[in-house]
Amino acid sequence: MDTPFHPGEQQIQARLGVRDKLAEIGRRVIRDHMPEQHREFFALLPWLLVGSRDANGQPQASVLWGTPGFARSPQPRCLRIDARPEADDPLAANLRAGASLGLLGIELPTRRRNRMNGHVEALDDTGFAVAVQQSFGNCPKYIQVRAWHAKPRQPGPLEQGEGLDPRWLRLVEGSDTLFIASCHGEDIDVSHRGGPPGFVRLGADGRLWLPDYSGNFMFNTLGNLLLEPRCALLWIDFASGDLLHLEARAELVWPEDYAEPAPPGAERMLALSPGRWRLRLRRARLPLAFGAAEPSPYLPVQGA
């Protein structure tokens, strides 16, 4: 059966008995252009999540920002972004003509999100244009509502290291949101993950354990990781604007292989081995201030 999904995605879909159903759905909802609704949506955003690959094929996860309208679609098969990554952003070394990118637009006040994958077709001093290869919407599950407003920029320093480090563990263990970049061949995705505060836990084995809740059954991220375990994680400190970029290797763990009880609502787990990290201590590097989180109604009840 013709399908827009690669073998890793299909393998997980088959295990759960949804492969044929998802092939039919995928052909309808995954487009080679952006519908008008998506084109209008990206122009409303003050930020954009970007997945890229470095020269060694390692995925990277980044965020760009600008005045709403900085990302706009001049025609259905193109998204123009009037922003360039800062020099210490992993994206800076990966942004070149022809490079594959995964883009995620997410509007926290409304919990809307749309994804677009493509390649850089033009690059200049003020930004770049991405040619659309795949465009599709994502459900709003597990997105915490946050209001935002612009704030002044006061860039902080860059810190780097390897493996576990208390300088970033506090942010990770208290988070309710992260973004994960993964790849299949030359193609790259970036996706949202959300949960109750503290949903990412440090295990006794030194790995970070991320629960995977019920979603849209496409398994874009998990399918990628099944075939290529390298990934990149991005955490945003919504209070300070700090950005944590962490490289990791992922193992997909099914319930029958759990060494200890899984968190409430988890249908699978991702065990993440931390690698190289870059911590940007930016009190206002991300020039957006966010309000308190209004938790998603889909979050599992802790302690249940």
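Arg167 and Glu159 form a salt bridge, with 2.8 Å between the closest N and O atoms. A salt bridge here is a side-chain nitrogen of Lys or Arg within 4 Å of a carboxyl oxygen of Asp or Glu. Arg167 has a relative accessibility of 46% and counts as partly exposed. Buried stands for under 20% relative accessible area, exposed for over 50%, and partly exposed for values in between (1.4 Å probe, protein chains only).

The model is predicted, so local features need pLDDT of at least 70 and side-chain atom pairs count only at pLDDT 80 or more, while totals for chains, interfaces and linings use all residues. Residues are numbered from 1 along each chain as its sequence is written, and side-chain values use heavy atoms, with hydrogens and water left out.

### Salt bridges

Side chains of opposite charge can pair when their charged atoms come close. The structure holds 20 salt bridges, and the table gives some of them.

| Pair | Closest N to O distance |
|---|---|
| Asp82 and Arg72 | 2.2 Å |
| Arg167 and Glu159 | 2.8 Å |

Helices (H or I, at least four residues) and strands (E, at least two) are DSSP runs, numbered from the N terminus. Glu251 is partly exposed, at 39% relative accessibility.

Asp82 forms a salt bridge with Arg72. Asp82 lies in the loop between strand E4 (78–81) and helix H4 (91–94), and Arg72 in strand E3 (residues 71–75), so the pair ties together parts that are ten residues apart in sequence. Both are partly exposed: Asp82 has a relative accessible area of 31%, and Arg72 has one of 39%. A network of salt bridges links Arg72, Arg80, Asp82 and Asp124.

### Two residues with positive phi

Arg111 is not a glycine, and its phi is positive, near 65 degrees. Arg111 is found in the loop between strand E5 (100–107) and strand E6 (112–124). With 13% relative accessibility, Arg111 counts as buried.

Tyr142, also not a glycine, has a positive phi of about 70 degrees. The loop that holds Tyr142 runs between strand E7 (127–138) and strand E8 (148–150). Tyr142 is buried, at 12% relative accessibility.

Helix H6 (residues 220–227) is mostly covered, with six of its eight residues buried. These buried residues are Asn220, Thr221, Leu222, Gly223, Asn224 and Leu225.

Two packed helices are described by the angle between their axes and the distance between the axes. The axes of helix H1 (residues 7–15) and H6 come within 7 Å and cross at roughly 110 degrees. That makes H1 roughly perpendicular to H6. Axes are lines fitted to C-alpha atoms, for helices over the stretch in contact, with angles from 0 to 180 degrees between N-to-C directions. Angles under 35 degrees count as roughly parallel, over 145 as roughly antiparallel, 65 to 115 as roughly perpendicular and the rest as oblique.

In the contact (heavy atoms within 4.5 Å), Gly8, Glu9, Gln11 and Ile12 in H1 meet Asn220, Leu222, Gly223, Leu226 and Leu227 in H6.
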